[in-house]
Amino acid sequence: MKKKVLVTIGSVAAVACLGWLAARHAEHVMLDKSIDSFRQTLGPDASFTYQKAWPGLLGRSVKFTGLVFRQGPETITADDAEISKIAAAGEDARRIGRLTFRNFQLADPAGSLHLDTLALDDVTMPTKADEQHGTPAQALEIRHAEAGNLHGFVSSLQSDLSARSLIVDDYGPNEASRLEAHEAGLSTDVAPQRHIKAASIILDGLDLAGLYASLSSGTPYTQHNGTRDIQIEKLSIDGTTPLLRVGALHSHATRTDANEKEVSSLQGLELWPDVPNLSMLPALGYDRFRGSLVLNDTHDFKASKLHVEEFSLDAPGMGRLHLDGDFSQTSTTTLLSAGAADMQVQSLNITYTDHGLVPRALGAAAKARGVKPEELSAALQAQLAPQGSDPKAVMPQIATYLRQPGKGPLTITIRPPQPLPVMAIAAAMSMLTTTPQMAQQIGLSIKAP
């Protein structure tokens, strides 16, 4: 009986060993098939090596250590990686269900990137065109990505970038993507030095793949139809000294083939004297500009026209500026872009309400001339509105306003006989004291309270 029991135990052990060996063999067969399947997703121009590979849970994934991926000038390495849900038969062989990495690093001529952790869902790997087999090129596509502790370098900008966390959705050619980053930064020590930080950034509706291609190749970014939202919290820009702070930036735009409508706001805006055109702030008694901004405009592409519904700049302790109008012959999509100075003014309405800026400006000008503010004010009024002049003329209205700037708003209207560049309007207004007839030439009228 004892001998029979021993034989039975031995038989069970033998079967178990055979089962274990069969299972291990099946795992390795599945592992080899999974790795071969993954290689097929890479295309003929890519390669990858690894130190060790083994199957994941139930053979549904492949785990690697010491992974190295190369495609053209691009190299990716990771200490650990796991590839899950390789495309099944009948599916696009280049699509991978999920990729995870630890200590991920990427290097190519466009720059470099390091991530502590990276997880990618529903990924289509990039491949070059294969003319021999009639296979078109495939760009990188990612449905969802999450990363932790990002550090990188952008060659075209000669800048370092960083983020504590990053989420990207719908990344691919001509895709309306979404990006969310926290504790983000961009820094360059190449003159002029710039150090940009934000507590959070949300970009929704931008073509991130197109933006990356623009930054890496230096080509212009092409905007696409649809909606675009930007939200940035606690933004700061510094050079060798502080330059800008924004508590919150919100911008919403809707673009079609016919037009683009934009509504944007900046709350908690601060600008320092080192910002261009603000060097006079200390002379006026301000250490910086503090205020808020609102912009609402529509760009008509077919008519090449920009309609500004509202541009408001509100600065407590200074004043409030409100502007609306129509501009033509413009390629810019917003009043705040670099091309705004080339716009042609069709009509322009400006309202300014003073909250202390005008007396400070008069005081600074008087100090520079070595006279009292009231003496300078009297001299300016005599120059602007000589005895017997038409009280409805432009210069007398300015003289009236200077006597009591706090009494009410100053209203300025410009209706040129034909559209004139913004810079031409500014030049004409600077000549009014010596050439009053310039007011008629640019269709200028001013009304004081």
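Let's start with Asp-170, which you'll find in strand E8. Keep in mind, everyone, that this is a predicted model. Most residues other than glycine have a negative phi.

Where does Gln-158 sit? In the loop between strand E7 (141-154) and strand E8 (159-171). Gln-158 also has a positive phi, near 50°, and is not a glycine either. With a relative accessible area of 41%, Gln-158 counts as partly exposed.

Next, a peptide bond for those of you who like checking omega. Most peptide bonds are trans. The one from Ala-191 to Pro-192 is cis, with omega near -5°. Pro-192 belongs to the loop between strand E9 (177-188) and strand E10 (194-206).

One more loop, then: the one between strand E16 (319-328) and strand E17 (344-354), which holds Met-343. Is Met-343 buried or exposed? Buried, because its relative accessibility is 1%, and buried means under 20%. In space, the C-alpha of Met-343 lies 5.5 Å from that of Pro-421, although 78 residues separate them in sequence.

Finally, let's zoom out. The protein has 7 helices and 20 strands, and 38% of its 449 residues count as buried. If we take contacts between residues at least 6 apart in sequence, 51% join residues at least 24 apart. The accessible surface comes to about 24900 Å², with 58% of that belonging to carbon and sulfur atoms. Thanks, all!

Methods. Residues are numbered from 1 along each chain as its sequence is written. This is a predicted model: local features need pLDDT of at least 70, side-chain atom pairs count only at pLDDT 80 or more; totals for chains, interfaces and linings use all residues. Side-chain values use heavy atoms; hydrogens and water are left out. Helices (H or I, at least four residues) and strands (E, at least two) are DSSP runs, numbered from the N terminus. Buried means under 20% relative accessible area, exposed over 50%, partly exposed in between (1.4 Å probe, protein chains only). Contact means heavy atoms within 4.5 Å. Accessible areas come from the Shrake-Rupley method with a 1.4 Å probe; for residues, only the protein chains shown count as cover.
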